[in-house]
Amino acid sequence: MTGRATAVGLMAVVTVTLAGPYSEWVVRSSYMTTNYFPLGLAFIFIFLVAVLNPLLKLVGRCYGLGGDELGVVHMMLIAAVSVPTYGITGYVISIAASPFYYATTENGWAEYLHHHIPRWVVPGGGPEVAWFFEGLPAGASIPWRIWLAPLFWWGSLIAATLALCVCLVAIFRKQWVEQERLSFPVVHVPLAMMEGAEDERLLPRFMRSRLFWVGFGIAAFKIVWNIPGYFNSGWPGLPPVILRIPQGQIFPGISTILSLPLVGVTYFANVDVIFSIWVFYLVNLAEVTLFNRTGFSIGPPEMHSIRPSALSWQAFGAFAAIVLGGIWVAREHLREVLRRAFLNDASVDDGEEILSYRTAVFGCLASVVYILLWLHAIGIALSIAMLLVYAVVTIYLGLTRVVIEGGLMFVLGPLVPQAFPMHMVGPAALSGSTMTGLALSYGWVCDPIIAFLPCGANAAKVHSDRRFPRGTYLRAIALALGVSLALSFWFSLKLGYGFGSYNFGDFVFRRGGQVPFDTVISKMKAAEGFTFNRFAFLVLGALTTFGLTYLRHRFAWWRLHPIGFAVALTSPVRWTVLSFFVVWAVKVLIDRLGGLILYHRARPFFIGLVVGYFAAAGMSFVVDVIWFQGQGHVLYF
């Protein structure tokens, strides 16, 4: 972790932290930080490797960044993109500011919730909070003082959560990377970009293949071709490739897009996972059609969850089974971890881990205790807080498995975590303070478009492949997260007060801040007790996943993977399932024609698809910043 790697990494962290909210909220351009391989990360890293580093080498070969230094920069970027907008800071600020600003006589927030809200967790409800949504009046300055206490306490909860994630990565890294040898498709392209950085030649090694430039040209052409259309509406633009089957009376319809960067990334994923995603998508469509035909429902769907509600609980059961199955497979490794942590067993070597096993285990325990105490302090009963923490850890570990094995760069959890404790007990049995605390906890986690644990696992893969010494990971990640959190909170408040966050037109500052409180109010009024139907679908999802796992390990010819069953109907997968079908068909064809040799020869083409798309999308963002402030052009897939 050299001085220049740290300096370049910090510049990259600052850039992506500021560019994310500025692009989404002010320019109204592309989403920079809202998936596990977002534009902000990809474009900045491509610029560093393909533009800045060759220029530094041109000045003098000794000035270029080496592969290890690029690895440090990439780890810092991976950590930083999990913070802005939808990652952490957007929802924390929105949900802390909303309970008094959006309260009306009609929604009943004041009657049901306000007397349960601890004042140290929100900035209040006066005009200074209203200015955040509506903009500062003439002559007024940003009231930083009202945010100091809330952001300090929210920050402590975030720090404990991030520490828990780092400790979990330290505990499972060896199992994921060395024992199971998971593919980590999302970091395959960045790792390829680091190879040969020390070469004397100016052009990076990954860019020296003709196939790379073919893939690059195909992915970049469409975006570059459409840029003149930003200036001239008569320009004949190229539309996205979309497959649409209209919705019928009972058939839910299909609308899915071909995403070239997703094709490029998932090329490096397990082919059985890719196959299972589109197969189970069709199975889930059949389930929805059957529910519509019979009128079956277990209740209204939860926000930030799969629809219909039955399938969200089924998929959550699948997530729970995937996590339990992963723990069972890792049982021998986990025994070694515990022996090292509690008995200091010298026969267990943890010298190559990002943390010692003792630090990781006790760090996990301390983080969970603090999180539980924090949730209890905002009013949640301790037993309910334990159920909530279980749901959050299950979703985070499940998403991590999906990302590092399946290569899904854009995926959500199947069920909003707060729904699990609510319905496992029954909203009618929960006190007003617990329900209010659960609403506030949406600021902690609700819509994990990007969560740190999968990002931390991908960073650990870079750490392992580059064979960094132990302290490198923790220093790089901690530095990036600390800078990104402080800068993101400051910049988000500055933009909100400067422009009026309601004027951003973004979900997080409109409905995003209202959904948690409307949700708990509706459940308090309905006074529903525990119902068996949700639990039944949870068990059904878990048993199906256990069955798929058993069949996969028992029969070599079995191809259906439980990850596909768990995520097939999440909204990002629905939107991009055509991409999974295409890349599965391509991989099957390559396997039939040339096997492993042809698979490796084709790698540069798919790396080119990823690099070409993000390079052109970055150019589009620059054009928007210069000429189209407030009316930018969103490129997401």
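Contact here means heavy atoms within 4.5 Å. The views below are taken from a predicted model.

**View 1. Surroundings of Phe452 in the largest nonpolar core.** The largest nonpolar core comprises 226 residues. Phe452 is among the residues with the most contacts inside this core, together with Leu375, Trp444, Tyr473 and Val567. With neighbours within four places in sequence left aside, Phe452 is in contact with Ala79, Ser82, Leu162, Cys165, Val166, Tyr473, Ile477 and Leu481.

**View 2. Helix 4 and the helices that pack against its buried residues.** Helix 4 spans residues 89-101 and has 13 residues. From its first C-alpha to its last, helix 4 reaches 18 Å, close to the 18 Å expected at 1.5 Å a residue. The helix is mostly covered, with 12 of its 13 residues buried. Among the buried residues are Thr89, Tyr91, Ile93, Ile95, Pro99 and Phe100. The packing partners of the buried residues of helix 4 are helix 5 (109-112), helix 6 (127-134), helix 7 (145-179), helix 18 (432-440), helix 20 (470-499) and helix 21 (511-526).

**View 3. Cys167 and Cys364.** The structure holds 0 disulfides. The cysteine sulfur closest to that of Cys167 belongs to Cys364 and lies 4.7 Å away, which is too far for a bond, because a disulfide requires sulfur atoms within 2.5 Å. Cys167 is buried, with a relative accessible area of 5%.

**View 4. Cys446 and its nearest cysteine.** Cys446 is likewise in no disulfide, and the nearest cysteine sulfur, that of Cys165, is 15 Å away. Cys446 is buried, at a relative accessible area of 3%.

Terms used:
Residues are numbered from 1 along each chain as its sequence is written. This is a predicted model: local features need pLDDT of at least 70, side-chain atom pairs count only at pLDDT 80 or more; totals for chains, interfaces and linings use all residues. Side-chain values use heavy atoms; hydrogens and water are left out. A nonpolar core is a set of buried Ala, Val, Leu, Ile, Met, Phe, Trp, Tyr and Cys residues joined through side-chain atoms within 4.5 Å. Buried means under 20% relative accessible area, exposed over 50%, partly exposed in between (1.4 Å probe, protein chains only). Helices (H or I, at least four residues) and strands (E, at least two) are DSSP runs, numbered from the N terminus. The expected span of a helix is 1.5 Å times one less than its number of residues.
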